[in-house]
Amino acid sequence: MTHVLVVEDDRQTAAEITAALNDHGFAVDHAATGREGLLKAAAETYDAIVLDRMLPNGIDGLGVLSTLRAAGMDAPVLILSALSAVDERVRGLRAGGDDYLTKPFDFLELTARLDVLLRRQSAPQPRETMLRAGKLEMDLLTHTVRHAGRLIELLPREFLLLEFLMRHVDQVVTRTMLFEEVWNYRSVEPTNVIDMHISKLRRKLDSEGSETMIHTVRGAGYRLHAPE
Amino acid sequence: MRLSDLPRRTSFRLALRFFLLFGTASVALCGFLYWETRNYVIGRVDDWLVHEQSIFSPMDRDNLLQRLSAHLMSDPTLERPVTLFNPSGRRLAGSQLSVPSSIWASMPFDTAFRFVVPESGHPMLFRGMAQRRPSGDILFVARDMEAAHEFSEVLIRAFIAGGIITILLGLAGAVAVGADSMRRIDAVTGAVQRIVNGDLTERLPVDGRMDDLDRLAEVINGMIGELERLMHEVKGVCDNIAHDLRTPLTRLLAGLERARRRAASAEEYGAAVDEAILDTRDLLQTFAALLRISEVENGARRAGFTDADLSAVLADAVELYDPMAEAKHVRLRFVPVDIPLLMRGDPNLLFEAVGNLIDNALKFTPTGGTVTVGGFDRDGAIGFEIADTGPGIPLRERDAVLRRFYRSEACRQTPGNGLGLALVAAVVRLHGMVLAIEDATPGCRVTISQRKPEDGFRHGGAKRTPSGSDFEIKAEPIKGIA
């Protein structure tokens, strides 16, 4: 079972996060201060750590993070912060964070991102030139996509969108993740427009009569599932 | 205004201080004049005494006696007495001058000195010089100083009279200056009191003299104007938040109550909860958008400023909104610029602003219409414009549409929270840019531009210029109207 440490000083937020992660099938430990978080991280092996940026009493989130990294712990760390400024994010990632989520956030967003981090951790992707998902094939060198041998014409952005989905096949990717990773902008994502890009991509991918490969996950985002 | 307040007034004190300074200077000047005049007169008398002595001293005794007798005849009033005394002090010849014994005892020789003869009636003031002759006799030459003395007294009286007039004029001047500034300060204080009491339409009085006080009053009036605008905005925002959030909250409550009343199965409850979740999410998004606008307005995002390429941002935004235009059967046209449009800014915020404007334009453009997006670098400014073929924005609403929650009657039915353009305005303001809304006949054109700094590299909007670039956004739409 996936074991996650949540370092968060606000009791109620911590309880909500714990409940959400439990529902997602994770075992959760909670620490209320940076000190307690460090002690727990040293005593136990965690698959991932959810770390609040602002912590009371001495050691704040970034302090905890740099201590963890200095001690050689490489579990993926997702930073939660009320500070949304771009340079705050950069500081968090530079200190050794793997992802940065601004409060308030959707719990579905949190679990989706943790899934991506955990997958990345367990199977580091080699530099590949071909991506495969079911009958879907993507050649990263020639920028061509084939579905069951049929060539599919894609616009550059659609190609990037599909590449991201294929790299996270069978995982939930949120619209925020798509906006950040495919469009490379960090601001409030225009939800309906991303949905339109997805439906255009869907129309190009799916052949007549077959079930769609890009599934909408209600209230969260999308999941690519390509049957063999 | 009370006269007893006067000594505490700065201007009165200043006037008084100047008056004291000039008073002291005049006293010193008068004293100097008096002293110099007196010394000059005495010097001339002393020269004359030496000269007289030099005439008499070479004469032998007979000659001298003869001359003295003649002198007695020509000067009977003791104006210029010349007298020969024997060593014991008895008058031998010359003027009828009786030298007081007190002076006689300690009389210096060959040097001029001042002495008083207690003559009948009033004492007479003299200056004299004694010379001991080889025979032991003493030749005494003197001069009556009464006229010189009177001249000195006239001079002193004139000085005192002048001094009194100066004091009176000076005090009157200080009071006048003090009272004038007291009147103006009182007027300002009164105006400030009324403003403190909540009347933000009040302004400080300006005399039109354009002196220090006027200039200060004008600056403060500008500040109050801006405060008034902000207060209105805050009040408007509060009213609008209350109004705009009440509707979805009422809907949420109604939905939950209906579920409580009617729902029979778990599925129906589930559907009601899902609906409530969607409504709540919308509400949270509205709050998040509000907080974002404040964050941008506070300049907290300025930390994210880099050298952003506006043309890349425009291209990305157009590409993002293309499917939406397609779905609405509106043509989204991008007029690219060949050169990169570099400016200091936060590309994420610029992207969001451009996106909001395109989204808005698409929303209001009817099927078959066109939305045109283009960047420019002309007349020392870089920026972009977004034109649509929609209904346009009426003149009187062009300021208002940039306010939070403002929704014109025409667009009550279109979805949206009324915060999009407010965020655009905040981003524009943060970047020190100018936003103008104009008619594109048909439709409307929004132009956003930034003056290029003349000196080398750009500072971007991060720097507050003395001209107050923050206010330009307010001024510009008005220019559009005119």
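**Figure 1. A salt bridge inside chain B joins Asp377(B) and Lys452(B).** In this predicted model, the closest N and O atoms of Asp377(B) and Lys452(B) are 2.9 Å apart. Asp377(B) sits in strand β9 (residues 370-378) of chain B, while Lys452(B) belongs to the loop between β12 (444-451) and α10 (472-481) of chain B, so the pair ties together parts that are 75 residues apart in sequence. Asp377(B) has a relative accessible area of 34% and is therefore partly exposed. Lys452(B), at 27% relative accessibility, counts as partly exposed too. Elsewhere in chain B, salt bridges that share partners link Asp180(B), Arg183(B), Arg184(B), Asp207(B), Arg209(B), Asp211(B) and Asp214(B) into one network. Over all chains, the count by this rule comes to 41 salt bridges.

**Figure 2. Chain A meets chain B.** Here 20 residues of chain A are in contact with 23 residues of chain B. The two chains bury about 2000 Å² between them, and carbon and sulfur atoms give 55% of that area. The rule finds five salt bridges across this interface. One to look for pairs Lys200(A) with Glu326(B), whose closest N and O atoms are 3.6 Å apart. Eight residue pairs are in polar contact between chain A and chain B, counting pairs with both residues at pLDDT 80 or more. On the chain A side, the elements giving two or more residues are α4 (86-94) and α8 (191-205). Of these, α8(A) gives the most, with five residues. By residue type, the side of chain A that touches chain B divides into nine nonpolar, five polar and six charged.

**Figure 3. Arg175(A) and Asp195(A) form a salt bridge in chain A.** Their closest N and O atoms lie 2.6 Å apart. Because Arg175(A) is in helix α7 (residues 175-181) of chain A and Asp195(A) is in helix α8 of chain A, the pair ties together parts that are 20 residues apart in sequence. Arg175(A) counts as buried, at 15% relative accessibility. Asp195(A), with a relative accessible area of 24%, is partly exposed.

**Figure 4. Within one helix, Arg167(A) pairs with Glu163(A).** This salt bridge has its closest N and O atoms 3.1 Å apart. Both residues lie in helix α6 (residues 156-167) of chain A, four residues apart, which is about one turn of the helix. Arg167(A) counts as partly exposed at 24% relative accessibility, whereas Glu163(A) is buried, with a relative accessible area of 16%. His143(A) counts as exposed because its relative accessibility is 52%, just as the cut-off of over 50% requires. From C-alpha to C-alpha, His143(A) and Arg167(A) are 15 Å apart in space, and 24 residues separate them in sequence.

**Figure 5. Helix α1 of chain B, from end to end.** This helix covers residues 10-56 of chain B, and at 1.5 Å a residue its 47 residues should span 69 Å; the end C-alpha atoms are 69 Å apart, so the two values agree. Buried residues of α1(B) include Ser11(B), Phe12(B), Ala15(B) and Phe19(B).

Notes:
Residues numbered from 1 in each chain as written. Chains lettered and ligands numbered in written order. Predicted model: local features only at pLDDT ≥ 70, side-chain atom pairs only at ≥ 80, totals over all residues. Heavy atoms only, no water. Contact = heavy atoms within 4.5 Å. Buried area = accessible area lost by both parts, 1.4 Å probe. Salt bridge = Lys/Arg side-chain N within 4 Å of Asp/Glu carboxyl O. Polar contact = N/O pair within 3.5 Å; in protein donor to acceptor, adjacent residues only side chain to side chain. Nonpolar A, V, L, I, M, F, W, Y, C, P; charged D, E, K, R; others polar. Expected span 1.5 Å × (residues − 1). Buried < 20%, exposed > 50% of the residue type's maximum accessible area, 1.4 Å probe, protein only.
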